[in-house]
Amino acid sequence: MVSVMEMIRLAKEQLENLSPGEVAAELERDEVVLVDVREPTETAAGVIPGALLAPRGMLEFHADPSTKYHIPALHPRKRIILYCAAGSRSALGAKALQELGYENVAHLDGGVAAWRQEGRPFTTVSGGN
């Protein structure tokens with residue numbers, strides 16, 4: 001049996017792991033879809049501005065156009081960057097998106113914790129996505 005920590009380690013080896021600075025630079029481009037995979041109880045405290053909310057438990061359903069839960073902003077050919085609290089769920093989510101055929105996926109290594117530690121913008125959610 002493989003542990004969840006081993007799954008995360010293996011996922012990160014196969015992903016583009018971005019620093020907060022690299023994510024901030026990418027967000028200056030319009031083509032990037034930033035996805036917060038944290039739970040609603042977590043996002044209620046704030047999000048990175050412009051983030052799409054797609055909790056990890058629903059990510060594959062939101063990403064798959066064949067489901068009734070699909071979010072149109074999620075498209076396999078778009079640049080998708082996921083984040084969570086510390087970088088574990090986003091790594092697993094990014095790996096799952098790759099398995100669904102997403103071609104240009106990355107995640108924020110260190111998550112919201114790393115983002116906020118650098119003093120980057122963080123805002124409360126108004127109305128959700």
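Which residues touch the most other members of the largest nonpolar core? Of its 19 residues, these are V35, L59, L74, I80, L82, L97 and Y102. A nonpolar core is here a set of buried Ala, Val, Leu, Ile, Met, Phe, Trp, Tyr and Cys residues joined through side-chain atoms within 4.5 Å; buried stands for under 20% relative accessible area, exposed for over 50%, and partly exposed for values in between (1.4 Å probe, protein chains only). The model is a predicted one, in which local features need pLDDT of at least 70 and side-chain atom pairs count only at pLDDT 80 or more, while totals for chains, interfaces and linings use all residues. Residues are numbered from 1 along each chain as its sequence is written, and side-chain values use heavy atoms, without hydrogens or water.

Helices (H or I, at least four residues) and strands (E, at least two) are DSSP runs, numbered from the N terminus. Residues up to four places away in sequence aside, L59 touches V35, V37, A54, L82, G93 and L97, where contact means heavy atoms within 4.5 Å. Another core, of 15 residues, lies apart from the largest one and includes V23, I81, Y83 and A106.

Helix α2 (residues 20-27) has P20, V23, A24 and E26 buried. These residues lie on the same side of α2 because they cover an arc of only 165° around the axis, the arc being that of the directions from the helix axis to the C-beta atoms. Among the elements covering the buried residues of α2 are β1 (16-18), β2, β4, β5 and α6 (111-117).

Strand β5 (residues 104-108) holds H107, which counts as buried because its relative accessibility is 0%. Beyond its neighbours within four places in sequence, H107 has contacts that include K12, L15, E16, N17, L18, I81 and L82, and also G87, S90, A91 and A94. The C-alpha atoms of H107 and A86 are separated by 11 Å, with the two residues 21 apart along the chain.
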